[in-house]
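Hi,

Here is the structure I promised to pass on to you. Have a look at it first, and then read on for what turned up in it.

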Amino acid sequence: VSDLDILVAMPLFDRVPRAALERFCQAAPRLVLSAREVAFRQGDLADRALLVVTGRLDAVLGSETLGDVRPGEIVGETALFVPDGLRQATVRAAVASTCLCLTAASLRDHRDNPAVVALQQHLIGTLGRRIRSTNLLIQKQWNLHRTPEAPPPPPTLVDRLRLMFGGGR
Amino acid sequence: MTAAASPVLRKVAETLTRRLLAPDVTAEMWLGLLEAGRVVEMSRGHQLCAEGEPPVALWVLVQGQVRVERKDGDGKQQQLATLSAPTLVGHMGLVDRTRRSATVNAEGDIVVVELDLRTVDRLVGQTGDVGFGLRQVMLCTLTRQLAAANTLLSDKLARPTGSSAEAAPAKRLRTASDLLDGWDLSAPELDLMTVVVTEDQRRHPRNRRP
């Protein structure tokens with residue numbers, strides 16, 4: 001099964017003509033990783049994102065695995081929108097994997113390709129969902145640690161007189 | 001740029017390109033976006049959108065500042081953030097079609113480019129320069145927003161405000177998107193902004209400082 005056949009079956013590209021996907025495959029360099037091979041390291045210059053075609057990648061920080069990236073998902077997309085950024089985590093293949101490399105220049109140069117449009121639309125939705133879920137986590141943290149509001153101080157004699165006689169402050 | 005474009009639009013397009021709101025968006029792309037929407041001047045206090053409304057448009061803030069507010073539990077209007085040009089305003093509602101989570105008012109005199117829902121929907125799915133430009137502007141804005149949210153979350157995990165809570169490792173929730181770009185995370189209103197907004201699992205307005 002070719003990369004193209006796999007991409008055609010991905011929901012992300014379900015409205016993209018096969019010919020457009022073929023052009024997209026030709027424009028995006030293929031990266032083949034063996035199990036445990038590193039795609040990029042924390043601190044590296046972030047110059048490309050990876051679209052996983054087969055296999056599975058892990059994002060790790062030190063000895064901790066932050067999450068995995070499966071076929072049809074993109075990792076390292078910040079590189080496409082923030083120039084000269086650095087990788088915040090290491091990404092390595094959990095199993096033998098195949099990816100397509102995406103760069104800001106390749107998106108720009110192939111902006112008329114419906115596959116690029118689909119990819120950008122997919123990323124807009126993905127980032128939107130990540131922002132919502134991150135905000136939810138922040139909310140949970142806040143609820144966990146917030147202190148109850150102090151009760152208002154009791155009214156003073158002046159306050160009570162103002163209330164009785166309608167005086168303003 | 002198109003030959004028929006007005007000098008005002010050209011100037012706005014060039015300014016937006018120089019300010020690098022989205023690095024790959026050229027002056028020609030900006031001009032196409034400006035022509036697809038409408039440039040609106042608003043005076044102080046003008047309301048762009050109100051909390052609870054369905055989303056009908058997004059705005060590129062070209063000049064000036066807007067104030068983002070929402071009602072707290074007591075029904076009092078609380079200021080969450082002030083956003084300065086150039087930035088995108090009101091895009092989250094269009095990304096996931098949720099109602100407005102905050103009210104946005106002009107802080108002083110402002111200039112915006114308004115893109116209505118139908119135009120946004122059409123452009124976001126369109127090949128060519130203008131569609132690409134809009135998608136890139138949205139993606140760059142969302143990337144910065146996510147980076148700020150991730151950093152704030154990491155900070156909250158590292159330094160919880162409660163007394164007895166044990167600090168979780170800050171690294172736990174850092175992601176590859178965790179980059180800062182021109183954000184002032186020490187601003188107290190950002191804390192309030194995020195907390196209040198996320199109470200309803202809604203949007204996370206930005207607090208970008210010039």
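Accessible areas here come from the Shrake-Rupley method with a 1.4 Å probe. On that basis, chain B exposes about 8,800 Å², and carbon and sulfur atoms supply 47% of this area. Please keep in mind that this is a predicted model.

Let me stay with chain B for a moment. Of its 210 residues, 54% count as buried. The chain has six helices and eight strands, and their order along the sequence is α-α-β-β-β-β-β-β-α-β-β-α-α-α. If we take the contacts in chain B between residues at least 6 apart in sequence, 70% of them join residues at least 24 apart.

Next, the charged pairs. Side chains of opposite charge can pair when their charged atoms come close. How many salt bridges does a search of the whole structure find? Over all chains, the number is 13.

One of them is in chain A, where the side chains of Arg30(A) and Asp3(A) meet at 2.4 Å, N to O. Are the two partners buried or exposed? Arg30(A) counts as exposed because its relative accessibility is 51%, whereas Asp3(A), at 13%, counts as buried.

In chain B, a salt bridge brings together the side chains of Glu114(B) and Arg38(B), at 3.1 Å from N to O. This pair also links distant parts of the chain: Glu114(B) sits in strand 8 (residues 110-116) of chain B and Arg38(B) in strand 1 (residues 38-42) of chain B, 76 residues apart. With 18% relative accessibility, Glu114(B) counts as buried.

Back in chain A, there is a network: salt bridges with shared partners join Arg56(A), Asp68(A) and Arg70(A). Within it, the side chains of Arg70(A) and Asp68(A) meet at 3.0 Å, N to O. Arg70(A) counts as partly exposed, at 42% relative accessibility, and Asp68(A) is partly exposed too, at 34%.

Finally, the surface of chain A has a nonpolar patch formed by Leu157(A), Leu161(A), Met164(A) and Phe165(A), which together have about 490 Å² of accessible area. One of these residues, Met164(A), is found in helix 6 (residues 157-165) of chain A. Its relative accessibility is 62%, so Met164(A) counts as exposed.

Enjoy exploring it!

Best wishes

Notes. Residues are numbered from 1 along each chain as its sequence is written. Chains are lettered from A and ligands numbered from 1 in the order in which they are written. This is a predicted model: local features need pLDDT of at least 70, side-chain atom pairs count only at pLDDT 80 or more; totals for chains, interfaces and linings use all residues. Side-chain values use heavy atoms; hydrogens and water are left out. Patches are made of residues with over 30% relative accessible area and no salt bridge: like charges are joined within 9 Å, nonpolar side chains (Val, Leu, Ile, Met, Phe, Trp, Tyr) within 5 Å. A salt bridge is a side-chain nitrogen of Lys or Arg within 4 Å of a carboxyl oxygen of Asp or Glu. Helices (H or I, at least four residues) and strands (E, at least two) are DSSP runs, numbered from the N terminus. Buried means under 20% relative accessible area, exposed over 50%, partly exposed in between (1.4 Å probe, protein chains only). Contact means heavy atoms within 4.5 Å.
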